[in-house]
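Hi there,

Here is the structure I promised to pass on. Have a look at it first, and then read on for my notes.

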Amino acid sequence: MHAVVLSDEPSTGSSLPHFEEKGETRKPHIILVMADDQGWGDTGYNGHPFVQTPELNSMAKDGFVFDRFYAAAPVCSPTRASVMTGRHPIRTKVTNHGRYMRPHEQTLAETLKASGYVTGIFGKVHLGSGQPDSPCNPSGMGFDEWVIGLNFFDNDPYLSRNGIIEHRKGKGSVIAMDDALAFLGKHKDRDQPIFAVIWFPSPHDPHQEVPEGSSLYEGEKQAGYYREITLLDQQVGRLRRELKGMGIADNTLLWYCSDNGGLAEASSGGRRRKGSIYEGGLRIPSIIEWPARSLSGRTTVPAWTCDMYPTLLAMAGIKGDFPHPLDGMDISRIIAGETDSRIRPMGFWHLLQDGQGTWSDRIQKAIMEQQQAGKPLPHHPQRIQKDVEAFPQFAEETATGHAAWNQWPWKLHRINGEKYELYNLIRDPMETKDLSGYGEHSARINGMKKALHAWMRSVLRSLNGHDYKGVHLPSQPVPKQSTEIPSKG
């Protein structure tokens, strides 16, 4: 559902002619691939001492690599919402893992579909329901076809195919690629560009999937984690080969990244790991490949998952018309090598609310059994309507949790609204020397505090529903807005 923006913040969007060859009228196919919990350093091309990622290494050699790419959040669901909307996930009510993205949001899939794309999503979604009548299922997000898990899954998963649950046999990440390749094969010869999202369930624990050569990494700590990284690497290679075999690789824009920092702090690329607002919880691998445009090189300019929506539209030559304020920006000029700086800071905020457990197989198995028996489905209406009509009102000065303002190369942390820390990420990439107590930085700190506080208030206004004033979903009542100020969780 779309809404008119009622905010003093400008939306961003542009079209970059550099990516339009003379006489070229075909829009590129777009494929987004995402790992679940892979850290920046958990690849061969970023120097990991033993994990084998030959396919990602090859993609990095052939494509364009971001050295400072960030997830919008240090856990999965929020980052996925940022990819879909170009907005900080708290704006969309995805405040932590397991929260549903509001169907009021305009998604990347909806925008591409309106521009003529056929759309499909496969693998772990973790942004809503897999039931056919939920406004928070992938159809409600703009996808024509979908085969999904609600959260991570491993071997022999229960997956929802456009609302009908299937019990599949095999490795979850391989199955996700099977379904994506079937979708691509079905549509490759049609006069319509393709948008496919492949969100792997690996390398999330409990690491039950194994690649070819299951004895890999014996004796290494977290061997199962690294085996699943090699498994997904094999599937990325399979995808790239199949795109060539289908004859569509040349005009396919393929973007690979992770959803948050990794599980191994030593190779996270920064301080801490998944779950943290410090660099190790946010810094992730990211590669773009588009053979028709010969993308190549590597940049240290920072970017993040909120940038993907406006950037993809610019690269595809589609005018961005965003009804809600974006936190991301079009970085296509960075990718094209036309600039080496970022003009817009990045804001992070985690633990405003607690996450919510989502046991994908358990939930979808129960639904499958009821579907097959012709009985009413379980989890009604609490799961299919979860978060749709919930508009709790947060006070605009709420500062629960850990926030940060990345105004490159400076990063200001605000912890529970009380403690501040300042780091220079070029000189101190591991965030070891807090500069907040040094008088020489007082003016910088005051300016960054002001910007961070203003951004946090803006995010809370979005969360409270200000972006959707006067808008309600079809066949849904106008949400009742409470004056209650909720506590954490």
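Below are my notes on a helix pair and on some backbone features. Please keep in mind that this is a predicted model.

Let me start with the helices. Helix α1, residues 54-62, and helix α5, residues 223-246, have axes that come within 7 Å and cross at roughly 50°. The two helices are therefore oblique to each other. On the α1 side, the contact is made by P54, E55, L56, S58, M59 and D62. Their partners in α5 are D233, Q234, V236, G237, R240 and R241. By type, the residues of this contact divide into 4 nonpolar, 3 polar and 5 charged.

Next, the loop between β7 (194-199) and α5, which holds P206. The peptide bond from D205 to P206 is cis, with omega near 20°. Y217 lies in this loop between β7 and α5 as well. Although Y217 is not a glycine, its phi is positive, at about 65°. Is Y217 buried or exposed? With a relative accessible area of 9%, Y217 is buried.

Another positive phi, about 75°, belongs to L351, again not a glycine. You will find L351 in the loop between β12 (346-350) and α9 (360-373). L351 counts as partly exposed, at 31% relative accessibility.

Finally, W408 and P409 are joined by a cis peptide bond with an omega of about 5°. P409 sits in the loop between β13 (402-407) and β14 (410-415).

Best wishes

Notes:
Residues numbered from 1 in each chain as written. Predicted model: local features only at pLDDT ≥ 70, side-chain atom pairs only at ≥ 80, totals over all residues. Heavy atoms only, no water. Axes fitted to C-alpha atoms, helices over the stretch in contact; angles between N-to-C directions. Helix = DSSP H or I, 4+ residues; strand = E, 2+ residues; numbered from the N terminus. Parallel < 35°, antiparallel > 145°, perpendicular 65-115°, else oblique. Contact = heavy atoms within 4.5 Å. Nonpolar A, V, L, I, M, F, W, Y, C, P; charged D, E, K, R; others polar. Buried < 20%, exposed > 50% of the residue type's maximum accessible area, 1.4 Å probe, protein only.
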